[in-house]
Structure formats: structure tokens, C-alpha cells
Amino acid sequence: MRSSKLQNQIETAYRSGTALNITGGGSKSWYGREPTGEPLLTTGHAGILSYQPTELVITARAGTRLSAISEALDESKQRLPFDPPSFGETATLGGTVACGFSGPRRPYAGSCRDFVLGCRVINGKGEVMHFGGEVMKNVAGFDVSRLMTGSLGTLGLLLDVSLKVLPHRQVEQTLVVKAEPSDAIGMMNRWAGTALPITAMAADNENIYFRLCGTQASVQKSAALITGTVYADGLQLWKHIREHKLPFFMDERPLWRISVPSDAPHPMMANSNDADWFLGWGGAQRWFKSELPAEQVFAMAKRAGGHATLFRGGDRSAEVFAPLSDAEMLLHKRLKTAFDPKSILNPGRMYRGL
Amino acid sequence: MLRDKKERLISRLGAILSPEALLSREEELKPYECDGISVYRQLPLLVLLPERVEQVQAILRLCQQEQVAVVARGAGTGLSGGAMPVEGAVVLSLAKFNRIISVNQANRTAVVEPGVRNLAISEAVDHLGFYYAPDPSSQIACSIGGNVAENSGGVHCLKYGLTVHNVQGLKILTMDGELIELGGAALDGPGYDLLALMHGSEGLLGVIVEITVKLLPKPEMARVVLAVFDDVERAGQAVADIIAAGIVPAGLEMMDHLAIKAAEAFAHAGYPCDAQAIVLCEIDGTEEGVQDFIVSVEQVFEAAGAVQIRASANEAERLQLWAGRKAAFPAVGRLAPDYYCMDGTIPKRALAGVLRQIGKWSEEFSLPVANVFHAGDGNMHPLILYDANKPGELERTEAFGAKILELCVQSGGSITGEHGVGIEKLDSMCLQFGALELTQFFAVKDAFDPDCLLNPGKAVPTLHRCAELGRMHVHDGQLPHPELERF
């Protein structure tokens, strides 16, 4: 599909003031507030545009499946460093970047937006623009590409995205150490303060899981220091954590993502059951299953120095992202108007009235 | 008129600042007329040196009422005129905000004020085994607030990223004095990524008053390999081969013949003076990992045709091998009265061609060029040698520099990798962006600062300026801003 078709659709919607619901593979349609507007499909706009492994950069159309990108990178022994979850086979690059999702490697390698180098986008007036580029260092103009990341399509439709990529590490090993969640926080933070090649840490109500990546010798030495048992199928474990396929995530209750300083004490909510928590990102991202009123969860995360997101389930007609201060919301609204003056792109998907 | 306004401003500012924090006499203002790029100068109306956030807030509100432009300034080491005053503006120095507020060892973050020097952060957390990764060459002097405003890099960007990758939170003041917290000790905050947007915004969107930086554990070990080449293209290929081998060096630097000669004469690092190019490849991490990768690096360089390969055996040798590279700018500075440092980035594949073309232009313009190159991430620093006292030579140098930047853009790169646009590269911005992008940038600026009072006239050129230059980025085959007359 040519980008001019998408451009025409947005131009037409701009003239008539019709709200659009930008839709890729639909794998994350449950994320954010309730979508409104006419569907605008991007999946036809697919394909890798350029990839030269020695440049450590890949550029692909937004409708390209995440799996196609992983395959292409894998052939050259490279990967997306932020380890994005796909939440379904149909996940696209555009949807991943629009949601700004990062996986278990995030605290050690960086987030989705850290690796976005450039993008082509259509704003809410139907104007095609190009920001950033295909080089790793680029400080010309405001960093609109990173602003687009995680903006849930409310500022523009992504046409293509350039990402920095990195090589796979040679050896990967997962270790398990028995620990109560409240002890796990301290232990994970202590290990994160060492130079060991740790690329993921998570804890459930029984164990801490460590992932080590590096050369054979460095992984061996690090494993000896951590002294855990080797987990047989580490690859599968981290995939299940990333994709929410663990039994923990099979639950009808609303799922909260709590982002806090990695040393925030556990449990964050008095009287909560350890089995309702899963600690990811070495303690910096905590999954919490709860029917508690949203205000309470938002307030709890804020008190701990972080913020909560109603990630899946619950009332999507209310706010699902942590409330912004008045001054910050005003800036958000002005930025929204700067990119999408008639508010036709995914209106209300992130916050009410945005 | 201006005099009246200045007097009124001084009297109103007197209620906010102590007399010694308000500079108004010409001899006091003089040191603030430029930043690290001294060819661009402008005397400010006043210089203000607040020491509390409430004072900055009051200053901004007052300046908004009086419609006076504000240019924020850190250490003044920037290389694009970002902190150069604009006419009639007050300079808002954040130099007195120089405290490290707190260090959180468990969470590996530090909260600092904007005037703290880059290197002072690493020094303050050294005893905990931590450091702050971005290391611009000015790190002993430059301030962390300025680093955020410019999104500064350094020699370790390939592995550890730029400032934007190493800052978790900011407190900013908007022009109307509102304090806004972006990010903090937790990761990936809600809403738009204003934290990223602030990085590299060159003081146009807000005034940074507090920064939460990420601290990294110091690697157990670092070693560097020096590879010498008798051909620049072969050196460029060696850089690509290192990446292709799956190695992520902590630093991957390249220098050409003139830069090598100058650096060796200055720093005696042990570089062979007849070499056409050298590549420095540093590996850090656990001891075992470093030893494994050093072997791979040596193998790659050998296969790439290096005429000499030397790996540092200890920390003293490592520092010695780096000494030449780190002294490259002052060393080149001894070859001519002045030098002009370019900052374009290119895809690595374009390196050989771009260097060849720069060599040709160097002859045409009769201006020597030494090339220092953050090879791993494609960031070039051609240093054009000239003499500002020779009539016309500065203009010739600027013209030569603009051609290099144009070539970077044509090669798929950018006009600036880490120094920023400031006042210096405004014209070159017209090459990299079309009218739509520039208009969108102004709309972003307008969202933060509707009266255009924060560092006005920097970073983003007006459409009119681009049209007058006749240098236009052709977008999708169409000439931009057809509404403007062209001469």
C-alpha cells in the first residue's frame, strides 16, 4: 500500500473532521482507553526498506510484522535491543513503537524510544514529514521521532521507523534463586549494581530469575558468583514473561503495570497477596492483579515515586494512564493541537480529551 | 526606549535577586557574549545568576510580562552558539545550581542540579563503584544541564548512548514559570515522552532546573586495541568488520593522517606518524568477556589488513593509547591559528567517499582538514584549519563547512551529531528539513513557549531564512514553501 493512500485518507478525515482509529495487526487493541473512530488500516503498508547489518540500523514500514523484523535481524545475528513484547503474531512495528513497549531487557539495554532513530509520519492534517534519520547520532531539530514513540497514534500515523539494532550475545543462561519477593527486591538491586552481564531479572512469589548474556567465560564466572540453579529452558521462560504467557497472567482480574524506583519496598499495598504480584525489570516494573478502584492504585504508585497503568482489563472508558498534573496536561493538549489540530487521530485513546 | 526598559527590568529584578546576582555593566556582561564558539558574539542586556528555583520561576514570569527573551546558560562550553545571547535578551546562568542533591545507590540514580559539571557526577559516585556514562570531550567543564539541552555524546555513545539514554528524569520550568516533572526515579512515565523531547531542544522549550541521571556500575576492566592502516578506506572497512563480527565496542574511533601527526607530536601516544589512519577499539565489561573480545578484535583487524596492531596490556597503556585521541583537538589547534570543528554524521558505508570528497575540497579551498571520527556511530569531526585574521578566510571556512554538511545530508546523515544547531548551523538546517518539518518544529515550540521568548532565533530556521538562502530541501519532488517569493 502506498503511503499516499494513507495520506489521502487522513486528508479526507481532516476536511470532514472524522475521528480515525489507527489499526495495525490489532494485537494490542486492548491497550489504552476505548478506541473510537473509523478504522484506518496500516497493515498493507509493510516491508523492510533498508537493513545493512554493519550500520546497526533497520528501517521498515510501520505495517511490517514484528516477527518479520526479528527474522531478518536474526539472520545476521542481530536483534532489537529493547526486546519488545508482541502480544500476538499479528503485531506490527508501528503498533509496537506507538505503544512504546519494551521487554525484560529494558532496564539494562534501554527502552523502545531509546532505539528509535527516525520516522516518517503523517500528522493530523495529512502532511507527510520525516524526522530523525538512519544515523545513531543526530541532534538536528526537536526529537519528534522519540516524541512519537509511545504516543499511541495520537500525534501522527507512523509510516516507517528506523531503529538501532545490536548483535546477539554469544551465550545466554538463566539462573533461579529461591527468595521471598520482599527479599528479592534488595537482591536484584544489589546484583544490578555490579558489572556482571545481567540482561534480565524478575521475581515471582518464590524465586528470582536471572538472565546472563555474554561470552562463555564471562557467563560462567557470573553464574558462579550468583550461585543459583540453572533453569533449563531460559529462552522460553523470558519469552513467557515478555508475552504474558505465564500462569500468573491467566487471570480475569484487571492487570496493572506499576513502574516504580527499582528499590521501592514490596508489597506496595498492605494486605495484598504475594501471588498477585510479579516483579519484572529487576524491581522497576511490577505487575499487579487487582480489582481495587483505579484511584487507589494510581495513588499507591505515586506514593512510591512512580506511576501505574491499567494495562489490561478494567474500565477503559475511565482513565487508564496515571493522571498528569494540570500544567503537564495543558502542554499535552497544546502538543496534540500542534500535530493534530482537529483531534482526529486516535482521540481519547491515551487520555480523555486528548 | 531600550534604556528605559533595561532600567525598569533592573529595578523589578532587584526584588528577586541580590545585587551581586544581577550583572548589567558592559565589563560584567562581556564574558557572556559568546559560548565555546567565539566567532559568534552578542552582548546580552543583563546576566542573571539565581540560586533558587523560585527565583528562576519569578524571573521567567517577569520576563514573560515584560516580553524579554531569555537565554539559559550552563558552563558556556557549547560549540554551536546555543548559549550565545540574542539581542535584547537576558542570560539566565544556572551556574550556581551546582549541588548533587542525592545519590540512590540501590536504584542507581543521582539527582543533580543543572550546573553540576559532567565529570563531577562520576567523581561523586566513584566510591560506590558507579559512573555517569556520557563523556563529551568537555566533560571536566561542561554542565549536565547543558548536556541535556544539547543531548551531548562522547566517545562511548555506541555502547552507552547519548545523554537522552542516560537521564531518567527532569524538572523543568516553562516560560510561564510552571514547574513540570518529567520522569524521575521510575522508568518510562505516562503521557507523551516530553523527557526525550527536552533532550537536544537547545533551551527553546523550557529551563531545566533538576536532573535525575542513571548511574552505571563501573566495568571490571577496559582494554583498547590500536590498529594502524596505510589506507583510509581499509580502516573504514575494518570498522564495519568489527560491527559485522558482532562486537559492540565501548569506543570505536578513527583518525586520519594529519590528525595522527598532530596528536602524536602533542601527546606522544605512540601513533606511527606515517600512518594514513588509525582505529582505536575499546572493549569493556567483565575481565573474562574483555579478554575474549580483545582476541576477536585483533583477529578482525588483522584480516582487514592492519599494518600494526597493539592491545593495551594495562591501565597505563590504555590511557596512553587514548591520550592522543583525547588531545586531538588541542593538538590540531597548534597547526593553525584557528580551527573550525564540524559535527556531521553519516552512515558508516559512506565514510570513504565522504573523506575523499573532503580531501578534494580541502585543496580547492586551500584549507587543510584533519579528520577525527567517532567511527562506531558515524559521527565525523573534520577540523578545518584557518586563520581568522586573514581577510575572507573565515567566510571561506564557513562555506567549506557548509559543503561538508550538505554532503553529510546527501549521504543519508545529519548536519549535527552532538554539538547542536544553535546559531551556527541554522542555514544547514534548511538542507536537512523541508518546510513541513520546520513548520512542525515551530508548532512544537509554540506549544511550550507561545511568545517565543526562550532562546529565540536558535536551532530552527524560519522558512523565510531558508527561502532567501535559496537552499532548499526538496521534499517528495516538490519545492517547499511555494508561498514565499524567491529572488
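Predicted model: local features only at pLDDT ≥ 70, side-chain atom pairs only at ≥ 80, totals over all residues.
Two residues are in contact if their C-beta atoms, placed from the backbone, lie within 7 Å.

**Entry 1: where the chains meet**

I began with chain A and chain B. Their contact takes 74 residues from chain B and 71 from chain A. Which elements of chain B give two or more residues to that side? I found H7 (194–198), H8, H10, H15 (426–432) and H16 (435–448). H16(B) gives the largest share, nine residues. Sorting the chain B side by class, I got 32 nonpolar, 27 polar and 15 charged residues.

**Entry 2: two helices from that list**

H8 covers residues 232–244 of chain B, and H10 covers residues 287–303. Their axes come within 9 Å and cross at roughly 140 degrees. That angle makes H8(B) oblique to H10(B). I had to check the cut-off here, because only angles over 145 degrees count as roughly antiparallel. As for handedness, H8(B) passes H10(B) in a right-handed crossing.

Which residues make this contact? From H8(B) I wrote down Ala238(B), Asp241(B) and Ile242(B). From H10(B) I wrote down Val297(B), Val300(B) and Phe301(B). By class that comes to five nonpolar residues, no polar ones and one charged.

**Entry 3: the domains of chain B**

Next I looked up how chain B is divided. The domain assignment gives domain 1 (2–93), domain 2 (100–217), domain 3 (221–265 + 280–325) and domain 4 (336–424). I picked domains 2 and 4 of chain B, whose centres, taken over C-alpha atoms, are separated by 29 Å. Eight residues from domain 2 and nine from domain 4 take part in their contact. On the domain 2 side, I counted three nonpolar, three polar and two charged residues.

**Entry 4: one isoleucine**

Last, I zoomed in on Ile260(B), which is found in helix H9 (residues 257–267) of chain B. Is Ile260(B) buried or exposed? Ile260(B) has 27 other C-beta atoms within 10 Å, so this residue is buried. The cut-off for buried is 20 or more.

Then I asked what Ile260(B) touches, not counting residues up to four places away in sequence. My list reads Met255(B), Tyr271(B), Cys273(B), Ala275(B) and Ile278(B). I followed up on Ile278(B), which is 18 residues from Ile260(B) along the chain. The C-alpha atoms of this pair are separated by 7.6 Å.

Technical notes: Residues numbered from 1 in each chain as written. Chains lettered and ligands numbered in written order. Axes fitted to C-alpha atoms, helices over the stretch in contact; angles between N-to-C directions. Helix = DSSP H or I, 4+ residues; strand = E, 2+ residues; numbered from the N terminus. Parallel < 35°, antiparallel > 145°, perpendicular 65-115°, else oblique. Left-handed = near helix turned anticlockwise from the far one by under 90°. Nonpolar A, V, L, I, M, F, W, Y, C, P; charged D, E, K, R; others polar. Domains from an automatic or database assignment. Buried ≥ 20, exposed ≤ 12 C-beta atoms within 10 Å, placed from the backbone.
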